[in-house]
Amino acid sequence: MSATSGGIAVVVLPNLAAPKFDIAELTNLRDLLTLAIRLAVIWGTAWAGWLVVKVLARRIVASVDDGDDSTVSAAEKRGQTIAQLLRGVGRIALLIIAFLLTLNLFIDITAVIAGVSVLGLAVSFGTQSLVKDIIGGFFILMENQFAIGDVIEAAGKSGVVEYMTLRVVHLRSLDGSLNIIPNGQINVVTNMTRGWSRAVVEIGVAYESDLDHVLQVFGDEARALAADPVWSPRLDGAPEVSGVIELGDSSIVVRTMFRTKPAQHWDVGREFRRRIKRRLELEGIGIPFPQRVIHHIYPPGVTADASAASSATGD
């Protein structure tokens, strides 16, 4: 029930000390009407509180929206995460409060709450992992370790954060698998999309290639990608051709690096590989495949032709 005083709406909650209703004696129409009104007030207030929670969640999301739908900023991810947690915690809290107030209409819940407290103390020793999960989730949120939409690696699993609560995190892997990880099991988090990312492209060329020409080709293609109006908004700096990083068994490995906007390094890396493959073919620079050279050593006085003839006759 509510009243208005001086333009301020005051919500009057049900009196916990009000007389209790006995279901077996609810034959009087007045008592039934009183019970119905109190139930309507309790659950109506809970519903109004839920609407307030949803409005607050929407305003949090709207306050961090930068208007650019092509990318999701760190502030937008954090806003979506806080809004989701607010809806989850608010829904559970309102349901518990409404249930207790409803129960209080029929019995004295003081003894019930005391009994639940004793029972909670008894089972707390068996729910230490649950407490650990909730505490871990609280610090993940407060320290902003990751948010919804981030790509992370945690507890041996990697994927996109789709959903998170104070207890668990839902990770969607590349193959579509959904990994549900309790927050208490997250000891180390690798966030692959926080702040900026880097595409590291390593490509091998043949040993007979002119290295100076190879490095020039890689630099030209990297600068062309950075100047492309389609791809330049995804970059966060000039590309860098690190040069030769390895003399492999069958190739000389050249590394090129691109600093990109968060989560854009995979697309940039794929596009550069496509471009450099086509350019290397045009320049006649070979991309070798693994090869093995076998050396035959013959005993003194035995030639290759004699060994081959002996093998053919089975001697």
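This is a short chat about a predicted model of a protein.

Visitor: Hi! What should I know before we start?
Guide: Residues are numbered from 1 along each chain as its sequence is written. The model is predicted, so local features need pLDDT of at least 70 and side-chain atom pairs count only at pLDDT 80 or more, while totals for chains, interfaces and linings use all residues; side-chain values use heavy atoms, with hydrogens and water left out.

Visitor: Okay, where is leucine 35?
Guide: Leucine 35 sits in helix H1, residues 29-63. Helices (H or I, at least four residues) and strands (E, at least two) are DSSP runs, numbered from the N terminus.

Visitor: Is leucine 35 buried or exposed?
Guide: Leucine 35 is buried, because its relative accessible area is 8%. Buried means under 20% relative accessible area, exposed over 50%, and partly exposed in between (1.4 Å probe, protein chains only).

Visitor: And how far apart in space are leucine 35 and leucine 105?
Guide: They are 8.0 Å apart, C-alpha to C-alpha, though 70 residues separate them in sequence.

Visitor: New topic: which residues of the largest nonpolar core touch the most other members?
Guide: Those are Val205, Phe218, Phe258, Val268, Phe272, Ile276 and Leu280, out of 19 residues in that core. A nonpolar core is a set of buried Ala, Val, Leu, Ile, Met, Phe, Trp, Tyr and Cys residues joined through side-chain atoms within 4.5 Å.

Visitor: Which helices and strands supply at least two residues each?
Guide: For this core, they are strand S8 (197-205), helix H5 (211-227), strand S10 (252-260) and helix H6 (265-283). H5 gives the most to this core, with five residues.

Visitor: What is valine 205 in contact with?
Guide: Leaving aside neighbours within four places in sequence, valine 205 is in contact with Val214, Phe218, Ser251, Ile252, Leu280, Ile285, Gly286 and Pro288. Contact means heavy atoms within 4.5 Å.

Visitor: Where is serine 209?
Guide: Serine 209 is in the loop between S8 and H5. Serine 209 counts as buried because its relative accessible area is 15%.

Visitor: And what is serine 209 in contact with?
Guide: With neighbours within four places in sequence set aside, serine 209 is in contact with Val214, Ile285 and Gly286. Also, a polar atom of the serine 209 side chain lies 3.0 Å from the backbone oxygen of alanine 206.

Notes. Polar contact = N/O pair within 3.5 Å; in protein donor to acceptor, adjacent residues only side chain to side chain.
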